Structures are given as C-alpha cells and as structure tokens.
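Q: I am new to reading protein models. Can you take me through one, feature by feature?

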Amino acid sequence: MSSDTLEIEGRQAALRSKRVRSALRTAAFMSPWLIGFGVFFAYPLVSTVYFSLMKYDGINPPEWRGLDNWTYVLADMPKFWPAMQNTLWLAVVMVTCRVVFGLGIGMLITKIKTGAGIFRTLFYLPYLAPPVAATLAFVFLLNPGTGPVNAFLEFVGIPAPSWFNDAAWAKPALTVLAVWGVGDLMVIFMAALLDVPKEQYEAAELDGASAWQRFRFVTLPNISPIILFAVVTGIIGAMQYYTQPIVAAKVASGVMGGSGQTFDPGYPDDSTLTLPQLVYSLGFGRFDYGAACVVALVLFALSMACTALLMRRRGGLIGSGD
C-alpha cells in the first residue's frame with residue numbers, strides 16, 4: 001500500500017473522528033431537550049397509542065382489544081360527536097372573538113393620549129382572575145332568575161336568555177367569559193402595534209390611504225406574525241378547554257359534586273361537553289383508559305392538524321402586504 005493511500009485513509013479516519021466528536025458535542029448540548037422530549041412527549045404519546053388498543057382499568061393487567069376501542073368511541077359512543085362539535089365550535093368562534101376583541105382593544109388604547117395606563121390596567125385585570133372564581137361570578141351575573149344582566153335586559157325590554165341553563169346559549173356565554181378575560185392578547189397586540197414604523201403610516205397618508213387601507217396594508221402585514229401566534233395558541237388552548245365549562249355546568253345545574261351527588265359533564269344537554277372533559281370522565285370516572293386514550297389521540301391529531309393548516313395557510317389567514 002502506497003504512502004499516499006495511507007495518508008488519504010488517515011485523513012478520512014481523522015475526519016470521521018472529528019464528525020463523531022462534533023455529533024457527540026451537539027447531542028450533549030441538546031440532551032436537556034432530548035430528555036424532556038422523550039419523557040414528557042414521546043413516551044406519553046407511545047403509551048397512549050398502546051393503551052388505546054387495550055382494555056385497561058388501571059388495576060387489572062391490560063388485555064388486547066385491537067381497534068375495538070376506536071370502533072366504540074367513533075361509532076357507538078353517543079357523547080363523542082357532541083363533544084367534538086362543541087370543541088370545534090369553541091376553537092372557531094371563541095378564538096376568533098378573542099383575537100378580534102384583543103386587537104380592537106389594543107388599537108383603541110394605543111390611540112388614547114390621556115389615561116392609557118388606567119384603561120390598560122382595567123382591561124388586563126380580568127385576565128388575572130382565577131378561572132374558577134371568574135366562572136362562578138359569570139354564572140351568578142347571568143343567572144336567568146336573579147342575575148343582574150337579565151334584570152337589566154328585561155328592564156330595557158330585551159328578551160332575556162337562560163344563558164348557562166339553555167343549550168343554545170351556553171357556548172355563547174362561555175365565549176363572553178373568554179372575551180372578558182382578553183387582557184393577555186390585548187397586551188401582546190399593543191406591543192406589536194407600537195412597533196409598527198410610523199413612517200409607513202405617514203407615507204400611506206400622503207398617498208391618500210383611508211383608515212381601512214392603512215389598517216389593511218400597513219398594520220396587518222406588520223403584526224401578522226403576532227396574529228398567527230394568537231390564533232395558534234388560542235386554538236391549542238380551546239382544544240384543552242376544561243375548567244370553565246365544567247364549573248359553569250355544575251353551578252348552573254345545582255350539582256357541585258358533594259357527597260352523594262353525581263354529575264355528568266355537559267349540562268345542559270351536552271352543550272358544554274368538550275373532548276378534555278370526555279377524556280377525564282372516561283379515564284377517571286369510568287376507568288375505561290382504552291376509550292380515554294382514543295379520545296386523547298383524536299384531540300391530539302385535531303390540534304396538530306389545525307396548527308399545521310394555519311402554519312401552511314398563514315398568508316390567506318392574515319393577509320399580505322402585496
């Protein structure tokens with residue numbers, strides 16, 4: 001073997017060794033994320049898929065059932081599709097209202113010259129209210145018999161709905177509650193709006209652009225990443241919506257889960273039942289972990305699909321500056 005060949009092989013071996021050391025160094029720096037990803041995402045996801053194919057009650061050993069759990073949930077469970085419809089309704093309507101109102105309030109406060117800090121504080125304070133306390137307060141305010149909101153509506157001659165006691169009004173009432181606590185989006189949008197270059201507004205005014213045209217072609221393109229962030233995180237939050245609907249349903253129905261009381265989520269008429277509630281009810285109420293894992297996987301797939309669709313279609317969602 002010639003010396004040139006030996007030299008080439010030596011260089012290749014040194015290059016491979018350098019690449020291995022570089023890969024190990026990169027893996028060492030990424031190890032916290034890799035460990036977290038494996039422990040808190042990959043392992044739970046694989047376990048959920050596994051138990052979705054099993055009959056398991058948390059006590060006895062798992063028994064193989066194949067796709068029986070999937071067939072039961074998707075075809076035979078009467079509450080699954082109402083819960084799916086309610087979750088999608090909240091993800092579309094509630095998130096849209098929160099984004100629109102958050103952006104509108106943010107734009108309004110940025111235009112105020114005097115007392116902006118006071119208004120900013122007043123609009124942000126509801127977001128700090130604990131979810132349970134805020135829901136209890138709203139159920140009291142919207143009580144069809146004694147609530148001040150219905151008393152005012154009747155005083156001015158407007159028919160008063162039953163709110164949380166009416167299947168047609170329960171989800172709109174939850175949406176009003178969510179919009180009331182829109183202070184987090186307001187602050188985010190305010191920061192984005194204040195970062196829009198004033199020179200672009202001045203140039204648009206010189207070109208004779210109207211207020212709507214300035215908003216459409218100057219404001220929206222500059223804050224579009226923030227709008228996308230608000231929509232994606234809002235949909236993910238709506239897919240995990242649990243506390244407010246179950247508290248509102250319990251209080252409105254008069255069942256607070258005390259001794260000797262049983263409560264079936266979704267009052268009234270499954271109108272407030274969401275997929276997270278169904279997961280909890282199946283897993284910890286009926287100890288049917290297989291069916292609960294199926295619903296959890298459907299919820300995960302739904303969240304991923306909505307997020308991927310929004311990320312791919314973000315130009316059509318938030319507009320462009322062309």
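Q: Where does Ala83 lie?
A: Ala83 sits in helix 3. Helices here are DSSP runs of H or I with at least four residues, numbered from the N terminus. The model is a predicted one: local features need pLDDT of at least 70, side-chain atom pairs count only at pLDDT 80 or more, and totals for chains, interfaces and linings use all residues. Residues are numbered from 1 along each chain as its sequence is written, and side-chain values use heavy atoms, with hydrogens and water left out.

Q: Is Ala83 buried or exposed?
A: Start with the scale. Buried means under 20% relative accessible area, exposed means over 50%, and partly exposed lies in between (1.4 Å probe, protein chains only). Ala83 has a relative accessible area of 0%, so Ala83 is buried.

Q: Which residues is Ala83 in contact with, leaving aside its neighbours within four places in sequence?
A: Contact means heavy atoms within 4.5 Å. With those neighbours set aside, Ala83 touches Leu273, Thr274, Leu275 and Leu278. Val251 is 168 residues from Ala83 in sequence, and their C-alpha atoms are 20 Å apart.

Q: At what angle do the axes of helix 3 and helix 10 cross?
A: Axes are lines fitted to C-alpha atoms, for helices over the stretch in contact; angles run from 0 to 180 degrees between N-to-C directions. Helix 3 and helix 10 cross at roughly 140 degrees, and their axes come within 9 Å. That makes helix 3 oblique to helix 10. The classes are these: under 35 degrees is roughly parallel, over 145 roughly antiparallel, 65 to 115 roughly perpendicular, and the rest oblique.

Q: Which residues of helix 3 and helix 10 make the contact?
A: On helix 3 they include Leu88, Ala91 and Val95. On helix 10 they include Phe215, Ile223 and Ile235. The contact residues divide into 15 nonpolar, two polar and no charged. For the sorting, Ala, Val, Leu, Ile, Met, Phe, Trp, Tyr, Cys and Pro are nonpolar; Asp, Glu, Lys and Arg are charged; the others, Gly among them, are polar.

Q: How do helix 9 and helix 10 pack?
A: Helix 9 (residues 198–206) and helix 10 (residues 211–239) meet at an angle of about 165 degrees, with axes 10 Å apart. That makes helix 9 roughly antiparallel to helix 10. Among the contact residues are Tyr201 and Ala204 of helix 9, and Val218 and Asn222 of helix 10. This contact divides into three nonpolar, three polar and two charged residues.

Q: How many salt bridges does the structure hold?
A: Side chains of opposite charge can pair when their charged atoms come close. A salt bridge is a side-chain nitrogen of Lys or Arg within 4 Å of a carboxyl oxygen of Asp or Glu. The structure holds two. One joins Asp270 and Lys79, with the closest N and O atoms 2.8 Å apart. Those partners are 191 residues apart, and both are in loops. Lys79 is partly exposed, at 22% relative accessible area.

Q: Which side chains meet in a salt bridge at 3.0 Å, N to O?
A: Arg98 and Asp184 do. Arg98 is in helix 3 and Asp184 is in helix 8 (residues 183–194), 86 residues apart. Arg98 is buried, at 17%. Asp184 is buried too, at 19%.

Q: Where is Tyr127 placed?
A: Tyr127 belongs to helix 4 (residues 116–128). Its relative accessible area is 38%, so Tyr127 is partly exposed. Leaving aside neighbours within four places in sequence, Tyr127 is in contact with Gly181, Gly183 and Asp184.

How values were computed: Helices (H or I, at least four residues) and strands (E, at least two) are DSSP runs, numbered from the N terminus.
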